[in-house]
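Here is a brisk report on selected contacts, strand pairings and charge pairs. The sequence and structure come first, then the details.

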Amino acid sequence: MRMLLPLLLAGLLASAHAATLRVTPGASLQQAIRAAKPGDVLEIERALHTGNFVVDKPLTLRGIGRPTLSGAQRGDTLRVTATDVVIEGLIVRDSGDSLKDQNAGIYLYPGAHRAVVRHCDLSYNLFGLWIEKANNVVIEGNLITGKREYNSAQRGNGIQLYNTTGARITGNNISFVRDALYVDVSHHAIFKGNRLHHSRYGTHYMNSYYNLWEDNDSYYNRGGLALMEVRDQVVRNNRAWGNSDHGIMLRTMQDSVVENNVIAGNNRGLFIYDVEYVTIRGNLVVDNRVGVHLAAGSTRNKVEGNDFIANREQVRYVGARDERWGTESGNHWSNYLGWDRDGNGVGDVPYEANDIVDRLTWRYPSIKLLLASPAVQALRLVSQQFPVLRVPSVVDPKPRMQPTNKQWSQWRGKHYPGQ
């Protein structure tokens, strides 16, 4: 307590002496930053400020009437090297385009802890926000668009997080960048309420632990959410739809929960690769070309209470032995052909993916035209009765007769444009 008291007194004195200063049109913004005292608030009136600005002390930069900071397509438009900087209500644009130098609209340098960037427009920057070794940052309510005429590989990312802890990334709208959110070695973070679209990946995410993904929309990308080399994640109540490849990719993941997400209209809904000890429950996987692509020994997972509806191919699985899902409460499969004689809502015979009919449709796609015919349905039933014809499969011993999500039909037809 004796050590904390001087720090508290210093903070109170700093706040007591903080001033609010106006930066009027025609005034030099960098000179105003240089002249300000730590803790001051700079209220920047509507004007165009051109240059590469550096904030090297704790300040608040608050836009009045949406002033514009332009980097004139050189370097970083705004660089933050101090702790406790707040940036709000600004248009920040026109960074340089050097991928080597990681040019950004706003670059939060190592040590820029507790920075806040809110309600800004970051447009025509290579990277919208580059955040490196800066902890407990808050990035909320920003509109971020990239250099949309560049090829994907030449663009930067919307928000890039590297080696951070405790970030809060909420309510941002990010588009026309390489990857909307690129996250590496960043832990104990929250990603909530973001819209991620028209990019390569909505989320490109790896080597990060103990994070929450909630209520994000990822659409019209190549891939929606890509979570790789991670553990201890909670991925819930997200919507990944209309992506040209996968909706949600889980690659080399352990000890996580993926629940109550909507995965609709993608080429592959769930791509699950090298995943163990993960709970996948309550998700709606609807109207994808492939509902689930399961590979690379993904096993020992709990898959319960999901709805797999109207996917052209429910499960694509190649393995050496059966993978059992739904052993506790079962999942709903719209192509289940069994019956429920006792009326308890659970099918009397197990559901099996990858039966002989599925394999025929992979080899001869035109057979899909006959899927509803009595001959094909009889072939499916015969394959269940003669094990010599079956291959290892995803088996659900308690298939639910009715879906849990009653609004599933509203998610049909949400495909990537042109597909």
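In this predicted model, a polar atom of the Ser-199 side chain lies 3.5 Å from the backbone nitrogen of Phe-176. Ser-199 itself belongs to the loop between strand 21 (195-197) and strand 22 (201-206). Is Ser-199 buried or exposed? Ser-199 is buried, because its relative accessible area is 9% and the cut-off for buried is under 20%. Leaving out residues up to four places away in sequence, Ser-199 touches Ser-175, Phe-176, Val-177, Arg-178 and Ala-180, as well as Tyr-220, Asn-221 and Arg-222.

**Parallel strands**

Strand 2 (residues 41-45) and strand 5 (residues 60-64) run parallel and are joined by five bridges. Within this pairing, Thr-60 in strand 5 stands opposite Val-41. Strand 5 also runs parallel to strand 8 (residues 86-88), with three bridges between them. There, Leu-61 has Ile-87 of strand 8 as its bridge partner. Strands of a sheet pair through backbone hydrogen bonds, either parallel or antiparallel.

Leu-59 sits in the loop between strand 4 (53-55) and strand 5. Its relative accessibility is 1%, so Leu-59 counts as buried. What does Leu-59 contact, apart from neighbours within four places in sequence? The contacts are Ile-33, Ala-36, Lys-37, Gly-39, Asp-40, Asp-84, Val-85 and Val-86. For one of these, Gly-39, the C-alpha atom is 5.1 Å from that of Leu-59, and the two residues are 20 residues apart along the chain.

Another sheet has three strands in the order 35-38-37. The sheet is open and its pairing is mixed. Strand 35 (323-324) and strand 37 (351-352) are the edge strands, each pairing on one side only. Strand 35 and strand 38 (residues 394-396) run parallel, joined by two bridges. Glu-323 stands opposite Val-394 of strand 38.

**Aromatic rings**

The count comes to 15 aromatic pairs. Tyr-107 and Tyr-109 make a tilted pair, with 4.6 Å centre to centre and 50 degrees between the planes. Tyr-107 is buried at 6% relative accessibility. Tyr-109 is partly exposed, with a relative accessible area of 28%. Ring pairs also join Tyr-107 and Tyr-109 with Phe-127 and Trp-130 in a cluster.

Why does the pair of Phe-191 and Trp-213 count as stacked? The planes of Phe-191 and Trp-213 are at 10 degrees, with the centres 4.1 Å apart, so the pair is stacked; the angle cut-off for stacking is under 30 degrees. This pair links distant parts of the chain, 22 residues apart: Phe-191 is in strand 20 (residues 190-192) and Trp-213 in strand 23 (residues 209-214). Both Phe-191 and Trp-213 are buried.

Charges also sit over rings. The charged end of Arg-268 lies over the ring of Phe-271, 4.2 Å from its centre. Lys-414 lies over the face of Trp-411, at 5.6 Å from the ring centre.

**Salt bridges**

How many salt bridges does a search of the whole structure find? The search finds 24.

| Glu-45 | Arg-22 | 3.1 Å |

Glu-45 is partly exposed at 22% relative accessibility. Arg-22 is partly exposed too, at 48%. Both residues belong to one network of salt bridges that share partners, together with Glu-43, Arg-62, Glu-88, Arg-118 and Glu-140.

Asp-215 is in the loop between strand 23 and strand 24 (217-219), while Arg-239 is in strand 26 (residues 239-241), 24 residues apart. Asp-217 lies in strand 24, so its pair with Arg-239 in strand 26 ties together parts that are 22 residues apart in sequence. Asp-215 is partly exposed, with a relative accessible area of 34%. Asp-217, by contrast, counts as buried at 17% relative accessibility.

Definitions and conventions: Residues are numbered from 1 along each chain as its sequence is written. This is a predicted model: local features need pLDDT of at least 70, side-chain atom pairs count only at pLDDT 80 or more; totals for chains, interfaces and linings use all residues. Side-chain values use heavy atoms; hydrogens and water are left out. Helices (H or I, at least four residues) and strands (E, at least two) are DSSP runs, numbered from the N terminus. Buried means under 20% relative accessible area, exposed over 50%, partly exposed in between (1.4 Å probe, protein chains only). A polar contact is a pair of N or O atoms within 3.5 Å; within protein, one must be able to donate a hydrogen and the other to accept it, and residues adjacent in sequence count only if both atoms are side-chain atoms. Contact means heavy atoms within 4.5 Å. Two strands pair if DSSP finds at least two bridges between them. Rings of Phe, Tyr and Trp (its six-membered ring) pair if their centres lie within 6.5 Å; planes under 30 degrees apart count as stacked, over 60 as edge-to-face and the rest as tilted. A charge sits over a ring if NZ of Lys or CZ of Arg is within 6 Å of the ring centre and within 35 degrees of the ring normal. A salt bridge is a side-chain nitrogen of Lys or Arg within 4 Å of a carboxyl oxygen of Asp or Glu.
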